Amino acid sequence: MMTLQENYQQIVDDHRKYVDQGNTIDYTFRKQQLETIKKILKDYETEIYDVLRKDLNKPDHEIMLTEIGIIQNELEVAIKNLSYWMQPEKVASPLTHKGSKSYIIKEPLGVVLIIAPWNYPLQLSLVPIIGAIAAGNSVILKPSEHAPHTSDFLARIAEENFDPSYFTVVQGAAEETTELLKQRFDHIFFTGGSNVGKIVMRAASEYLTPVTLELGGKSPAIVDEDANIQMAAKRIVWGKYTNAGQTCVAPDYLLVQESVKFKLLKAMKKQIKSLYGKNVLQGENFSRIINLDHFNRLKAFLNSDHIVHGGEYNEEELVIEPTILDKIDWEDPIMQEEIFGPILPVLQFENIEDALALIKSREKPLALYYFGENPRMQSQVMEYASFGGGSINDTFFHLANPHLPFGGVGQSGMGSYHGKAGFDTFSHQKSILKQTTKFDFPFRYSGGTVTSNILKKFLS
Ligand code: NAD
């Protein structure tokens, strides 16, 4: 019987052979694979809803919008633009290169490992795969062990629809992933927490394998005094409590200008009731926490002195109500780690400059959301603060635009994907100079005053 290591070695060898034979290069082949994913979304639709309900009790409209919908949009853009993305890109050449042409070929990297988390287990597996496939790579996917129904489903669709040397799902937890990371890949794309991100990067360094790290962090939502409060309340509530807050780009905490805090919190409480209804604790229309460990970690934040809305939970169903905690300080435990659950701490500020300075003094978040009507202030906030990406007067809707690159900066990640950015992430930009043989400038070959003078002229 094969050991785990021999098994993984075999999988990677098969993939490398498949790629080296040139099977993945062709435009028609790549397009066909993207069309297959599109067909899977349709043919297995009932099962998709079923596994996501089993793993996270996701409400149907969230499955439609944040899992299937995002994958569909990415597929549309990739299929429509694939031949254009694959074209060699012509660039200019300087005068010293007269007679030559310069261009960039988008070369597939080869065998790609994608490691996915559990919170959007389908979307965060398939969207990177779309980029990798479009760019002409083969894919080994390691989905999360914490969303076992979706992981089994992904393994099954791979087996039923793709060549095993082209798209393979390897299942397992830390132990298996540690073994898998000992293999040599041509790119590793990791989505998850920063601690595991470091482990992945360390393993990748063994073969100098390039990595994309899609990590998390504490993303603020800032509400200024001139914001449209009713709109801000609705969009923050939606952004925070979708998937029970288990979203890497959810507003982790709220920073509100003190003069509008009362009005905003009142509007948010109303929105929570209207969006999620009365039976949240019975798991109606609201996702559950992924497992007991995370549930207990979140429960520890529920300090009754600070609760101004929610705070109830159902341990049996692993549900925590949409909760708001007011009068929180930067030093409170909830402000020391990414919350990743349906609990929103509220901090207030007097001057926006002070609030921005505090954000700037902390790790760079994956997202930042600014609510305010003044265009000058909107630009100032977007340009001054450093974060992966964000929205003005909205929460995480920016990530659903396939024309915007999605990724973090600093501790929230490196590299990006979605749309063309995904294609580029999984491609090598090969620079080519095509020289003419019709003539030859002598100046680069030898010295002498005449040559130096010509050269000076060209370079001036
Ligand atoms: P995680 O880091 O625990 O796990 C991610 C993946 O790594 C899983 O497939 C897991 O099996 C594997 N893994 C776990 N321990 C490992 C180890 N020791 N060695 C090798 N592999 C290991 O993350 P998670 O709990 O699944 O997801 C939550 C985190 O992911 C949050 O921090 C969140 O912000 C982040 N996240 C980021 C994005 C993004 O797009 N930037 C999206 C979703 C989640």
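**A walk from the core to the pocket**

Start at M268, which touches A233, I236, V237, L254, I324 and L344, leaving aside residues up to four places away in sequence; contact here means heavy atoms within 4.5 Å. Keep in mind that this is a predicted model, where local features need pLDDT of at least 70, side-chain atom pairs count only at pLDDT 80 or more, and totals for chains, interfaces and linings use all residues. Residues are numbered from 1 along each chain as its sequence is written, and side-chain values use heavy atoms, with hydrogens and water left out.

M268 also belongs to the largest nonpolar core, which has 114 residues; I222, L254 and M268 touch the most other members. A nonpolar core is a set of buried Ala, Val, Leu, Ile, Met, Phe, Trp, Tyr and Cys residues joined through side-chain atoms within 4.5 Å. Buried means under 20% relative accessible area, exposed over 50%, and partly exposed in between (1.4 Å probe, protein chains only). Helix α4 (residues 60-86) is the top contributor to this core, giving 10 residues. Helices (H or I, at least four residues) and strands (E, at least two) are DSSP runs, numbered from the N terminus. Because domain 1 (4-215 + 412-432) and domain 2 (220-407) both give residues to this core, it lies between them; the domain bounds come from an automatic or database domain assignment. There's also a second, separate core of 19 residues, with V19, V170, I188 and V211 among them.

Now for the largest pocket, with a volume of about 1,300 Å³. Of its 45 lining residues, G192, G193, S194, N195 and V196 are the closest to the centre. On a 1 Å grid over the protein atoms alone, a pocket is an open set of points where a 1.4 Å probe fits, with protein on both sides within 12 Å along at least five of seven lines; lining residues have an atom within 4 Å of a point. Grid points are joined across faces, edges and corners, and the volume is the space filled by probe spheres set on the points. The largest share of the lining, 5 residues, comes from α8. Both domain 1 and domain 2 supply at least three residues each to this lining.

Finally, look at two loops. L208, between α8 and β7 (211-214), has a positive phi of about 55° although it is not a glycine. N285, between α10 (261-276) and α11, likewise isn't a glycine and has a positive phi of about 65°. L208 is exposed, at 76% relative accessible area, while N285 is partly exposed, at 30%.
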